[in-house]
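Hi there,

Here is the model I promised to pass on, with my notes below.

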2 protein chains.
Amino acid sequence: MNCDRVRNFKIVLQYEGTRYQGWQKQENTENTIQGRLESLLTKMTGVKTQVHGSGRTDAGVHAKAQTAHFHAQTAMSCEEIRIYMNTYLPEDIAIQSVEEVPARFHSRLNAVGKTYVYRVWNTDIPPVFERKYVYVLPEALDEAAMRQAAGYLVGRHDFRAFTSAKKSRKSTVRTIETITIERVGSEIRFTYSGDGFLYHMVRILTGTLLETGTGKRRPEEIKTLMAGGLRENAGVLVPAKGLTLVEVRYNDRSFYEDKGKW
Amino acid sequence: MNCDRVRNFKIVLQYEGTRYQGWQKQENTENTIQGRLESLLTKMTGVKTQVHGSGRTDAGVHAKAQTAHFHAQTAMSCEEIRIYMNTYLPEDIAIQSVEEVPARFHSRLNAVGKTYVYRVWNTDIPPVFERKYVYVLPEALDEAAMRQAAGYLVGRHDFRAFTSAKKSRKSTVRTIETITIERVGSEIRFTYSGDGFLYHMVRILTGTLLETGTGKRRPEEIKTLMAGGLRENAGVLVPAKGLTLVEVRYNDRSFYEDKGKW
């Protein structure tokens, strides 16, 4: 099965996060998405194989299109790898596509943007079919107030007030390109697109916007809250199960420009 | 909580059928939808309460809008009953609405039509988020052939070839009003509307249509198959999990015409 050349593969995958302890493998458990993928690819290739994701997703968070890459010496085609992986993965993880990419492609370092959706079930009739993917909050929500507050968040800002990460020297400046808030049936759906998001950032942003929607805070407060940079002034961390990573974007030229050479 | 008058309540409910042994209560198990509802209403009213559904759904079949009715002596409002029930029901059953109806309303006898949807996942990329609600069949399907075959099924016919029910004196004549077959993303979705459906009928019809779609049988065969009336000539019984009851229709006048009187 092996061939001499080490090849680089980009994969796009879906998962329901409910029963996993998040993306990142941990010492004492195999029950992570990364851990499951590495075990399987190690079995497939016969040598220890590492999988690098575009970023971590927390325990309970879902993905419709997470991206990752791994290096392997194999004679299998991309299609054969996809079928092999889907045959052995549990039913809550599925590989959408496998693509061979240039050696220098890196799923995290080359990512230029991500989109997350946070789904709030906004009625007192419990969701049966969507129950694992939504946060239930039946209270009336002022969509105009939430949109006004969201407007202050869009752009390049220091989002340190909106992360649970401990202080570090790493920059907490990020750019949010768009936030859309729309009613879809019984749901209010928050969609965030940006160049990257800090630890817990989307869930704290949503918690803060929801507090604006219920009238607990005024939209204008967002500005002073963001300027102050204190986590304790931002809103609650809403539950993981409402969050889904829906897209990871790459600037094609950044890794495809030398495609003709390999 | 009780008042003298016995009131009749119509409920509309959703459920995911995965972990239930169907709608109808059975002697040795509480694990049916009807069983769960009766236990709860018996607790709510303090007296043994029976729940009558518009029809049975089999083990594993889902419902987006099943209807049922029950009689109770209670001073609770419809809204209070709905909230009470949703508070105590498991998360895979939810009451959409509770409505007081005339004493003579019967959810099964007054039903004039039903709609079922059967969902086929028609790609080799496994469904993560829909996996409990679809039947996976990645083979290429000829939609035109299936539509032609479906055309022969629409109308008033004897459907005895399409039921698993043992022979009985009951009529096996039913009217199918429409069958639509449409591609929705990765799915082929079959929607059946009719005045009523025999035991296993929708799943056997779908199995037969799928065999037409894969080229195993010609569309015209449906006519002779239906005329012959033999179960063994029809297609396979496809899995329960792909089936969802989506609507039960009533002719409003049939039970509302005396609304002013009660």
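**What turned up**

Over all chains, the count comes to 40 salt bridges (a side-chain nitrogen of Lys or Arg within 4 Å of a carboxyl oxygen of Asp or Glu). One of them joins A:R5 to A:E100, with the closest N and O atoms 3.4 Å apart. A:R5 sits in the segment before β1 (7-15) of chain A and A:E100 in strand β4 (residues 93-101) of chain A, so this pair links parts 95 residues apart in sequence.

A word on conventions: this is a predicted model, where local features need pLDDT of at least 70 and side-chain atom pairs count only at pLDDT 80 or more, while totals for chains, interfaces and linings use all residues. Residues are numbered from 1 along each chain, chains are lettered from A, and side-chain values use heavy atoms, without hydrogens and water.

Next, the helices (DSSP runs of H or I, at least four residues; strands are runs of E, at least two). In chain A, the axes of α1 (residues 33-45) and α2 (residues 78-88) come within 11 Å and cross at roughly 120 degrees. On the α1(A) side, A:L37, A:L40, A:L41, A:K43 and A:M44 meet A:I81, A:Y84, A:M85 and A:Y88 of α2(A) (contact means heavy atoms within 4.5 Å).

Best wishes

Terms used: Axes are lines fitted to C-alpha atoms, for helices over the stretch in contact, and angles run from 0 to 180 degrees between N-to-C directions.
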